[in-house]
Amino acid sequence: VEWASSAYEIRLNGKVAGYCQNGSNPADYNFTKQVREGANNLTIKVLSNPASTVLESWAHPSEPALGSCYVFSQPTIRIRDLFTKTYRNGSVFNGEVGIVVKTDALNPKKAKIHYELLTPQDEVVTYGSQEIELDMRREDTLRLVAQIPDTMVWSARNPILYTLRLKTQTEGRYTEYVSLKVGFRTVGNTRGQLAINGYPAALKAVPDLGTTVSPSQLLEWKEQGYNLILLPAGGVSGALYDLCDRYGFYVVEQAPINTSRSGMSRRKGGNPSNDPAWQAAYIARIEESYHTTKLHPCVVAFSLAEDSANGINLYEGYLHLKGLEKERPVLYPDAGGEWNSDKLRLSAEQ
C-alpha cells in the first residue's frame, strides 16, 4: 500500500490481515499463510477519525483515498532490503551497496546473488556474484564496493544516477530480478552549512511546494535557480523523490507528525510530543519515514516533526534517527534551541 488518507484495516477473505495507523508511509503485508487457492477477496477499509488522528493536524481529503496498491510474490530466499553508503577516499569515492537477503525456509538454504552496476552510459562499473547460506528464517547482508570518480558523484548540479541490477539464483535457477537507480554522495554539516561531497552547498528553497508537483513544475523551478525542497508533513508520492533524484533537488524529508491542534503545552494532557504513551508511535513514524527514503540521494536531511511543540518523544526520535544514520542532519525547527535539532542553515537563499 503506497499511502492512505488515514489509518486503515486490511481484510483477506473476511479476516483481518493487516492494520496500519500511519497511512502516510508505504507498508507491506505478508499474506502467505492466509491466501488460498483460487479467487481471494482483499478489502482495504480507510478508517474515519482513528486514535492516530491526533498526530495528523493537516488537511485530510474529504473522502477516503488510497495510493497505488498491489500484490506480488517473492521466492523463499529473496532480497528484503537495500542500502547505500558513500565514503571519500582522496580524489575518489567508495560507493557501497548493502544487499539484505532473507529466507523463510525451514532448513538451511544457499543462494547466489549476481550484481551489476552501470553508469548512466550503460558502462559496467563492477559486476560479479556472492554466495550466501542462511539458517532457517534468517537474514544476512552482502556488500559490494565500487570506486566512483569525484566527477561522477550525485549532487544538485550533477545528478548522476547509476543502474543497479541484481539476480537471485537458488538451486541453479534464477528466481528474482531487481533493477533500480542509485546515487552516491556524502552529506555533512560544516559549521551549520550543508556540505555535499565535502563542499558547501548553496541553497535556494522552493517557496511554496503545493499539494501536487509535476515534472514541468520541477524543471521550471530548476531554471529559476531553486534546488531545495522542504517537504510538508503527510503523504508524499514516491514519484516525487524519483524526480528530485533525476533533476537534482535537495530534499528535507519530513516525518508524518503534526500535533498543532493539541496546542503547545508540555504539561500532562497537552501536546503528545511530551507524553510517553505516544513514544512508540512517534518512533515508528520517524523510522518508517527514514526507511522509505534512505535510498534516494536527493534526501539530504530529515525533519522530526512539524509544529509539534517539543518533549521526550522528539528527544528519543532524534536519538533513534542518529542511531540509524549519524551523518545526515536531523532537524526540528520548533526545538527552540534545544539539542534535538542539528544547527543547519536552510534559509531561502545562501
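**Sheets, helix packing and nonpolar cores**

Three strands form an open sheet in the order β2-β1-β3, with antiparallel pairing. The model described here is predicted. β2 (15-20) and β3 (42-46) each have a single partner strand and stand at the edges, so one side of each lacks a neighbour in the sheet. Neighbouring strands of this sheet are turned against each other by 20° on average, direction ignored. β1 (residues 8-12) pairs with β2 in the antiparallel sense, over five bridges. Within this pairing, arginine 11 stands opposite valine 16 of β2.

A further open sheet has four strands. Their order is β7-β6-β9-β10, and the pairing is antiparallel. β7 (124-134) and β10 (173-182) are the edge strands, each pairing on one side only. From one strand to the next, the twist averages 15°. β6 (residues 109-118) and β9 (residues 162-170) run antiparallel and are joined by seven bridges. Lysine 112 has glutamine 169 in β9 as its bridge partner. In general, strands of a sheet pair through backbone hydrogen bonds, either parallel or antiparallel.

The helices were examined next. Helix α2 spans residues 238-247, and its buried residues are Leu240, Tyr241, Leu243, Cys244, Asp245 and Tyr247. An α-helix has 3.6 residues a turn, so residues three or four places apart point the same way. The cover over the buried residues of α2 includes helices α1 (215-223) and α3 (279-293). It also includes the strands β14 (228-230), β15 (250-254) and β16 (299-303). Glycine 248 follows α2 and has a positive phi, near 90°.

Two packed helices are described by the angle between their axes and the distance between the axes. For α1 and α2, the angle is about 35° and the axes are 11 Å apart. The crossing of α1 and α2 is right-handed. On the α1 side, the contact is made by Pro215, Leu218, Leu219 and Lys222. On the α2 side, Leu240, Leu243 and Tyr247 take part. By class, the contact of α1 with α2 has six nonpolar residues, one charged residue and no polar residue.

α3 packs against helix α4 (residues 312-324) at an angle of about 35°, with the axes 9 Å apart. This crossing of α3 and α4 is right-handed. From α3, the contact draws on Gln279, Tyr282, Ile283, Ile286, Glu287, Tyr290 and His291. These meet Ile312, Asn313, Leu314, Glu316, Gly317, His320, Leu321 and Leu324 of α4. The contact of α3 with α4 divides into eight nonpolar, five polar and two charged residues.

In soluble globular proteins, nonpolar side chains tend to be buried together. The largest nonpolar core of the model holds 49 residues. Ile229 and Tyr250 have the most contacts inside this core. α2 gives the most to the core, with five residues. Leaving aside residues up to four places away in sequence, isoleucine 229 touches Val206, Leu209, Leu218, Cys244, Phe249, Tyr250, Val251 and Val252. Among these partners, Leu218 also belongs to the α1 side of the contact with α2, and Cys244 is one of the buried residues of α2. A second, separate core has 26 residues, including Ile79, Leu82, Val182 and Phe184.

Methods. Residues are numbered from 1 along each chain as its sequence is written. This is a predicted model: local features need pLDDT of at least 70, side-chain atom pairs count only at pLDDT 80 or more; totals for chains, interfaces and linings use all residues. Side-chain values use heavy atoms; hydrogens and water are left out. Two strands pair if DSSP finds at least two bridges between them. Helices (H or I, at least four residues) and strands (E, at least two) are DSSP runs, numbered from the N terminus. Axes are lines fitted to C-alpha atoms, for helices over the stretch in contact, and angles run from 0 to 180 degrees between N-to-C directions. Buried means under 20% relative accessible area, exposed over 50%, partly exposed in between (1.4 Å probe, protein chains only). Contact means heavy atoms within 4.5 Å. A crossing is left-handed if the near helix is turned anticlockwise from the far one by less than a right angle, and right-handed if clockwise. Ala, Val, Leu, Ile, Met, Phe, Trp, Tyr, Cys and Pro count as nonpolar, Asp, Glu, Lys and Arg as charged, and the others, Gly among them, as polar. A nonpolar core is a set of buried Ala, Val, Leu, Ile, Met, Phe, Trp, Tyr and Cys residues joined through side-chain atoms within 4.5 Å.
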